[in-house]
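Let's take a look at how two chains meet. Here is the model to keep open while you read.

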Amino acid sequence: MSSKVALTGNEALAQAMRQINPDVVAAYPITPQTAMVQTFSQFVADGEVDTEYVTVESEHSAMSATVGASAAGARAMTATAANGLALMWEVLYIASGTRLPIVMPVVNRALSGPINIHCDHSDAMGARDSGWIQLYAENAQEAYDNAIQALRISEHKDVMLPTMVNLDGFITSHAVESLEILADSDVKEFIGEYKAEHHLLDSKNPIAVGPLDLQDFYFEHKMQQSIAMENSKEVILEVAKEYKELSGREYEFFEEYKLDDAEIGIVALNSTAGTAKGAVDNLREQGVKAGLLKIRVYRPFPGEEIAEVLKSLKAVAVLDRAESFSTNGGPVFGDIRSILYNIKADVEVVNYIYGLGGRDIKVGEIESVYRDLEEIIDSGNVKNRVSHLGVRE
Amino acid sequence: MKLKEAAKTKERLTGGHRLCSGCGAGTATNLIMRASKNPAVVGCATGCLEVSTTIYPFTAWEDSFIHNAFENVAATISGVEAAYRSLVKQGKMDEEFDFIAFGGDGGTYDIGFQSLSGAMERGHNMVYICYDNGAYMNTGIQRSSATPKGANTTTSPAGKVIPGKQQYKKELTDIMVAHNIPYVAQASLFKPQDLLRKAQKAFETKGPAFINVIATCPRGWRSRAEKGIELTKVAADTCAWPLFEVEEGKWKLNYKPKKKKPIEEWLRQQGRFKHLFKKGNEHLIEEIQEHTDQRWEYLLEMCEKD
Amino acid sequence: MIKPGDGYKSIPKGGLILEGGNAKRYNTGGWRTKKPVLDKDRCINCHLCWAFCPDVSILSKDGVVSDQIDYDHCKGCGICANECPVNAIEMVKE
């Protein structure tokens, strides 16, 4: 039996971790993730999980110990945010390159400097090419559901890649929401036992992990990784289908909100999608054909599928909660424009970088973005390809 | 353990590794691994030993091996050991294992220092071996905090104004003692029985153990390959690398030279100290002698006290 | 065993090596310019050469040092000859 509970995003994720019952968690506290690992360590202290909790001295060691545990055949997790993720950088690539199915909640927060503890996506966006699957969530419910599904996706034999479960710092991690969590036994059954094909603690079949892989084989191993990422697409959908049977909640690569007959649309990730839905509703009342595409799976990037949906629109605005400093717009913008170019779609695409360092994004601001799109259609001109929304001059 | 008996143990590091000819790390690793009585999981920090023993698709390790990165072997083995404990607790595993981390001085004294300190503090049941060859030899002889004062390295070159490395080496073994872990030792290659005994003791220790073993690097020391072991004896006889162990806080000296030799004998046999013998640099050798004496006196005092 | 030229479809994932100690099959003997030769008549079986060899190339069987040196792996560093207390090992030009 699932139960309706009022939890913060951090608490919801800690509950997911309790239900997953990983063999090892190695984690380090960082705002705004702290409450998650704090809550989880209480579960450890109370004997509610079998987990060995390794209280590492840094995020670098958190990811390093998680890699060690996972290579030893354990189900291993960690969680982090912002600078913590940045400190893990090197080891993120080692985790994915070694094909370890680690699941890690990332509570999205701005990277320093200057130091800031609030939400943006500069942390996860920087890690978008690290070979990790990246799932994004509008709210605590989705973050919880993504965490449970992530285990199955990562551990699938055709995938064997780590997954980041992203949620917005403070906005989702600290706000109390009403959500449904599954019964412990249902989660246990859904994720099943993890049996690593090869691991360090098999004394009869010793292995070497992480050898020096030179010009002769490194490329082949990277190719395997690339194929695994491609394979993950089908697995993500299969797992979502099974999860729907269990939970009643439906997940795909992305959510289409009032896009069927839309002429203008916004692409957004995480909690901003919720705000954008408010804007769409308001505009729809005024007869504006506005819609929203909320990306859930950003890595692998479901490019063809997204293009198929967006191609019928007249103008699209991509909201990026991260600056890439390329002077050509944010990371999501680059991906969206590129896939539309592939199919030669006749859609104007513009970019808004917003919400850096936790700057609020309001319904009215998002409505103004839709108004800009209308103007682009009317005038046939794009005044600003890339804008910064909500910043003072 | 008598060497004759040690030779009956199973070979755990095979030939076919690609360490340089005469590399002390090969000797140290072979002996240390033979002191382990259980199947092991070996971790290696990035460095000479790592790149030379596991060049894909070959491994010179008979046991399971993991290399993660340069600065995180202690954290990596922490994770492996935590996984083991978890599986034992859950009744999924009942075999005994040894958990071993190897790091060079760069990977231990410098970049891996935090990870090592954390792992020791947390009390993982693991043995950390530092093979100290006194510089970043794998990248081409750059100075580390283990490089002896005066040594000519590629980043502390002996130039017209600066005569090699300006600082004394960090006393890492003492810092490990300060972690209050059950067993810490400093060992050398010229005393293989002592090294075997220490490794055995480290493996038998419940909790973390740390061994710092001097490992000759003919390339970096600018010494002859065949002198690899002899030089470690000179290091002990001049007190440049004393042999001692600290068990449950008790210090014990393991080798007292019959007659303490002047530090010059240690310096003179290595090309990296050649410039110290130029006219006008006499004071540098005197300073190094003085520092070595002070360190030796300190060790004697610590060991006599206990 | 993974062979040179194998493609990504056949090799294990993630760079794993699925057997222990296979470096034995890699020959480093070619690095040598001089090879150690052990004179069994002089040998006192102290095993120092066995202990010191960085390349695990001095072999011992049933507690006896063998004069069958592992020339597939010996790199000819000369440590064994240098350390032998009775000069039973000689380095001979290849």
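## Where chain A meets chain B

Start with one pair: Glu52(A) and Lys89(B) join their side chains in a salt bridge, 3.2 Å from N to O (a Lys or Arg side-chain nitrogen within 4 Å of an Asp or Glu carboxyl oxygen). Between chain A and chain B the count is four salt bridges.

A quick note on ground rules: this is a predicted model, where local features need pLDDT of at least 70 and side-chain atom pairs count only at pLDDT 80 or more, while totals for chains, interfaces and linings use all residues. Side-chain values use heavy atoms, without hydrogens and water, residues are numbered from 1 along each chain as written, and chains are lettered from A, with ligands numbered from 1, in the order written.

Here's the contact (heavy atoms within 4.5 Å) and the buried area (accessible area, 1.4 Å probe, lost on putting the two parts together, summed over both):

| Item | Value |
|---|---|
| Residues from chain A | 40 residues |
| Residues from chain B | 41 residues |
| Area buried between chain A and chain B | about 3100 Å² |
| Share from carbon and sulfur atoms | 59% of that area |

Glu52(A) turns up again here: with Leu201(A) and Leu212(A), Glu52(A) supplies 20% of the area that chain A buries against chain B, more than any other three residues.

There's some strand pairing too (at least two DSSP bridges between strands; strands are DSSP E runs of at least two residues, numbered from the N terminus). Strand 9 of chain A runs parallel to strand 2 (residues 64–67) of chain B, over two bridges. Val209(A) has Ile66(B) as its bridge partner in that chain B strand.

Conventions. Helix = DSSP H or I, 4+ residues; strand = E, 2+ residues; numbered from the N terminus.
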